[in-house]
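Please read this briefing alongside the sequence and the coordinates.

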Amino acid sequence: MTAFDPSTLLNPVIKSLSAYKPVEPLDSLSAELGFRVEDLVKLDANENPYGPPRSVLEALASYDWYHIYPDSAQTRLRERLAALHGVPESMIAVGSGSDELLNNLSQMFLLPGDRILDMPPTFLMYSSNARLYGSEVVEVPRRPDYSLDVEAVATAVLDGQAGDGGPVKIVYAATPNNPTGTWLTDDECERLLDLPALVVLDEAYVEFADEPSRIARVAEHDNLVVLRTFSKAVGMAGLRLGWGVFPDWLMEQFWKFKQPYNVNQAALVAGLTGLEHWSEVQMVVDRIRAGQRRLWTGLAGISFLDPVPSAANFVLCRVEGRPALEVRDGLRRQGILVRYYDTPLLSGCIRISVGREDQIDRVLTALQEME
Ligand SMILES: *Cc1c(COP(=O)(O)O)cnc(C)c1O
């Protein structure tokens with residue numbers, strides 16, 4: 001034993017954090033619930049049930065250079081993204097999932113005492129990252145229909161800028177929002193961009209929406225960052241690949257900041273191949289969009305569920321007349337996993353991701369049997 005307690009050396013901010021509740025891995029769920037992994041209906045994490053195009057798996061298997069470090073500038077991937085999406089490659093940042101880019105942005109901007117603003121219910125990563133760096137979180141809850149209260153957001157940012165607390169440096173808006181599926185309108189977006197803060201639009205689900213991405217807007221607004229990912233539409237959540245469009249001044253700083261080998265070679269091979277086969281990705285996205293409409297209509301027909309309109313590959317439902325936990329547990333016993341919430345703003349809600357056609361049938365049948 002050492003003569004002193006080395007845990008006293010730890011950053012006190014880390015000590016004060018609560019532990020992240022990990023998602024249970026498939027094999028342990030399979031053992032616990034008594035279903036084979038392939039018979040589990042996993043609709044709890046908005047994953048793409050079809051996975052990436054077959055050619056991605058083939059490219060991963062036949063790549064010969066895994067013993068060489070990956071390109072730290074991710075040049076080819078950024079060129080392909082630029083060509084496909086019509087944004088300059090100089091403005092494209094790549095990360096090990098968009099989660100890494102979210103974390104990078106927090107590290108690049110936030111000091112203890114600073115503040116960020118988010119609009120719950122939303123993705124928890126924004127607030128948990130901020131707390132990790134000792135920053136405070138200003139929460140401006142969404143309206144009952146989950147639209148933004150932009151007036152309240154503007155007031156909170158402007159008052160924060162004038163008040164004695166730290167400034168509100170970053171405003172986070174997911175669009176479509178997770179877990180509600182709500183789209184940020186152009187008016188709301190403009191209002192946010194007028195604020196004296198960095199606006200991070202998280203477009204993890206934008207491929208499933210009717211409206212286009214706002215990546216092209218970054219060139220016109222030097223306080224806008226838009227984040228995208230291969231996890232959802234391209235079905236590569238397990239490979240960890242995300243990207244973002246950053247204004248030029250921020251890219252210059254990002255290159256100094258980023259870890260050189262943050263994106264591994266397997267993710268790069270897979271991402272490049274996915275982009276080469278974009279029409280296949282698009283077919284899967286269309287299938288999921290059709291599945292979403294069918295799931296939503298089916299859920300609306302269940303007497304104890306009130307599904308929220310969604311622009312994404314998941315549907316949030318209010319459970320009426322019985323505990324949401326009971327519905328979650330009932331589905332779970334049948335090997336069907338959905339997301340349940342015990343936070344105040346989402347109490348009585350479950351979120352169901354769009355699965356394959358047969359999985360949509362299974363969840364709808366199971367819910368009908370609970371009527
Ligand atoms: C799934 C998700 C992401 C994507 O994270 P990755 O790290 O790219 O897998 C980002 N934001 C939101 C809101 C999400 O739901």
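In which loop is Tyr146 found? Tyr146 is found in the loop between β4 (136-139) and α7 (150-162), where helices (H or I, at least four residues) and strands (E, at least two) are DSSP runs numbered from the N terminus. This is a predicted model, in which local features need pLDDT of at least 70 and side-chain atom pairs count only at pLDDT 80 or more, while totals for chains, interfaces and linings use all residues. Residues are numbered from 1 along each chain as its sequence is written, and side-chain values use heavy atoms, with hydrogens and water left out.

**Backbone geometry**

- Most residues other than glycine have a negative phi, and most peptide bonds are trans.
- Tyr146, although not a glycine, has a positive phi of about 70°, and at 7% relative accessibility Tyr146 counts as buried (under 20% relative accessible area, with exposed over 50% and partly exposed in between, for a 1.4 Å probe and protein chains only).
- Asn46, which is likewise not a glycine, has a positive phi of about 55°; Asn46 lies in the loop between β1 (41-43) and α3 (54-62) and is buried at 0% relative accessibility.
- A cis peptide bond with omega of about 0° joins Pro120 and Pro121, and Pro121 sits in the loop between β3 (115-118) and α6 (125-132).
- Another cis peptide bond, with omega of about -5°, joins Thr175 and Pro176, and Pro176 is in the loop between β5 (168-174) and α8 (186-193).

**Overall fold**

- The chain has 13 helices and twelve strands.
- Of the 371 residues of the chain, 52% count as buried.

- Leaving aside neighbours within four places in sequence, Leu192 has contacts (heavy atoms within 4.5 Å) with residues including Met119, Leu148 and Val199.

- Thr343, in the loop between β11 (336-340) and β12 (349-353), is partly exposed, with a relative accessible area of 34%.
- The C-alpha atoms of Thr343 and Asp118 are separated by 15 Å, and these residues are 225 residues apart along the chain.
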